[in-house]
Amino acid sequence: MVSFAIVELDDGLTIATIQPGQSPEDAAMASHGILVDPGPYATYEEACDALSELESDVEDERV
């Protein structure tokens with residue numbers, strides 16, 4: 001079963017799919033990004049919620 005992690009790419013944060021047997025770090029490298037939150041999140045929706053929260057925390061820090 002796949003899981004999900006949050007990765008930073010050149011153009012912002014995104015969700016990377018972690019394949020069975022793959023580490024979150026390897027999933028980030030496969031996406032050509034840097035691991036931000038390894039999760040792992042069981043569903044894409046959970047990862048989206050975490051990503052939204054992370055982005056709002058970053059916005060709050062900028063203000």
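Residue S3 is located in strand β1; helices (H or I, at least four residues) and strands (E, at least two) are DSSP runs, numbered from the N terminus. The model is predicted: local features need pLDDT of at least 70 and side-chain atom pairs count only at pLDDT 80 or more, while totals for chains, interfaces and linings use all residues. Residues are numbered from 1 along each chain as its sequence is written, and side-chain values use heavy atoms, with hydrogens and water left out.

**Overall architecture**

The protein chain has two helices and three strands, and its elements follow the order β-β-α-β-α from the N terminus. Its radius of gyration is 12 Å, close to the 11 Å that the globule rule gives for 63 residues, so the chain is as compact as a globular protein of that length. The radius is taken over C-alpha atoms, and the rule is 2.2 Å times the number of residues to the power 0.38. Along the principal axes, the C-alpha atoms fill a box of roughly 40 × 20 × 15 Å.

Of the 63 residues, 25% count as buried. Buried means under 20% relative accessible area, exposed over 50%, and partly exposed in between (1.4 Å probe, protein chains only).

| Residue | Relative accessible area | Class |
|---|---|---|
| S3 | 16% | buried |
| F4 | 10% | buried |
| Y44 | 44% | partly exposed |
| D57 | 37% | partly exposed |

**The sheet**

The three strands form an open sheet in the order β2-β1-β3, with antiparallel pairing. Two strands pair if DSSP finds at least two bridges between them. The edge strands are β2 and β3 (34-41), each of which pairs on one side only. From one strand to the next, the twist averages 25 degrees; axes are lines fitted to C-alpha atoms, for helices over the stretch in contact, and angles run from 0 to 180 degrees between N-to-C directions.

Strands β1 and β2 (residues 12-18) are joined by seven antiparallel bridges and form a hairpin with two residues between them. Within this pairing, I6 stands opposite I15, and E8 has L13 as its bridge partner.

**The nonpolar core and its contacts**

The largest nonpolar core consists of seven residues: F4, I6, I15, Y41, A47, A50 and L51. Such a core is a set of buried Ala, Val, Leu, Ile, Met, Phe, Trp, Tyr and Cys residues joined through side-chain atoms within 4.5 Å. Strand β1 (3-9) and helix α2 (44-62) each supply at least two residues of the core, and α2 gives the most, with three.

Contact means heavy atoms within 4.5 Å. Leaving aside neighbours within four places in sequence, the contacts of I6 include Y41, A47, A50 and L51. With residues up to four places away likewise not counted, S3 touches A16, T17, I18, P40 and Y41. Among contacts in the chain with a separation of 6 or more, 48% are between residues 24 or more positions apart.

**The aromatic pair**

The whole structure holds one aromatic pair. It is formed by F4 and Y44 and is edge-to-face, at 5.7 Å centre to centre and 80 degrees between the planes. The two residues are 40 apart in the chain, F4 in strand β1 and Y44 in helix α2, and the pair thus links distant parts of the chain. Rings of Phe, Tyr and Trp (its six-membered ring) pair if their centres lie within 6.5 Å; planes under 30 degrees apart count as stacked, over 60 as edge-to-face and the rest as tilted.
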